[in-house]
Amino acid sequence: TKTNIMYKAFLTFTQMREYLALLMEKELIKYEEGAQRYRTTEKGIRLLQMCNQINEELVILDKTRKLSI
C-alpha cells in the first residue's frame with residue numbers, strides 16, 4: 001500500500017505520490033487494481049539489475065584503490 005511505501009522509504013505523502021507517478025510514467029512499476037498493489041515491471045527489474053551491477057563494480061574499484069594506497 002501507499003502507506004507501507006511511505007514508511008519503509010521514509011517519504012512524505014507528497015514525495016511518495018511524485019515518485020510513484022514518475023516510476024509509472026517511465027513504466028518501471030505498474031499498479032495492479034485487483035491486488036491493490038504496485039509491482040515492478042520487467043523494465044524496472046532490468047534497471048535494478050543494472051544499478052546493482054554498477055554498484056558492485058564501484059565497490060570493487062573502491063577496494064582496489066584502498067589496496068593501492
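Me: What makes E32, R37 and R39 a network?

Reply: In this predicted model, these three residues are linked by salt bridges. A salt bridge is a side-chain nitrogen of Lys or Arg within 4 Å of a carboxyl oxygen of Asp or Glu. The closest N and O atoms of R37 and E32 are 4.0 Å apart, and those of E32 and R39 are 3.3 Å apart. E32 therefore takes part in a salt bridge with R37 and in another with R39. Residues are numbered from 1 along each chain as its sequence is written. The model is predicted, so local features need pLDDT of at least 70 and side-chain atom pairs count only at pLDDT 80 or more, while totals for chains, interfaces and linings use all residues; side-chain values use heavy atoms, with hydrogens and water left out.

Me: How many salt bridges does a search of the whole structure find?

Reply: The search finds three. One of them joins K66 and D62, whose closest N and O atoms are 3.4 Å apart. Both residues lie in helix α3, four residues apart, about one turn of the helix. Helices here are DSSP runs (H or I, at least four residues; strands are E, at least two), numbered from the N terminus.

Me: Why is K66 called exposed, and why is D62 called partly exposed?

Reply: Buried means under 20% relative accessible area, exposed over 50%, and partly exposed in between (1.4 Å probe, protein chains only). K66 has 58% relative accessibility and so counts as exposed. D62, with 38%, is therefore partly exposed.

Me: Which class do E32, R37 and R39 fall into?

Reply: E32, at 24% relative accessibility, counts as partly exposed. R37 is partly exposed with 39%, and R39 counts as partly exposed at 36%.

Me: What makes I54, L58 and L61 a patch?

Reply: Patches are made of residues with over 30% relative accessible area and no salt bridge; like charges are joined within 9 Å, and nonpolar side chains (Val, Leu, Ile, Met, Phe, Trp, Tyr) within 5 Å. I54, L58 and L61 form such a nonpolar patch on the surface, with about 290 Å² of accessible area together. Accessible areas come from the Shrake-Rupley method with a 1.4 Å probe, and for residues only the protein chains shown count as cover. L61 lies in helix α3 (residues 42–67). Its relative accessible area is 41%, so L61 is partly exposed.
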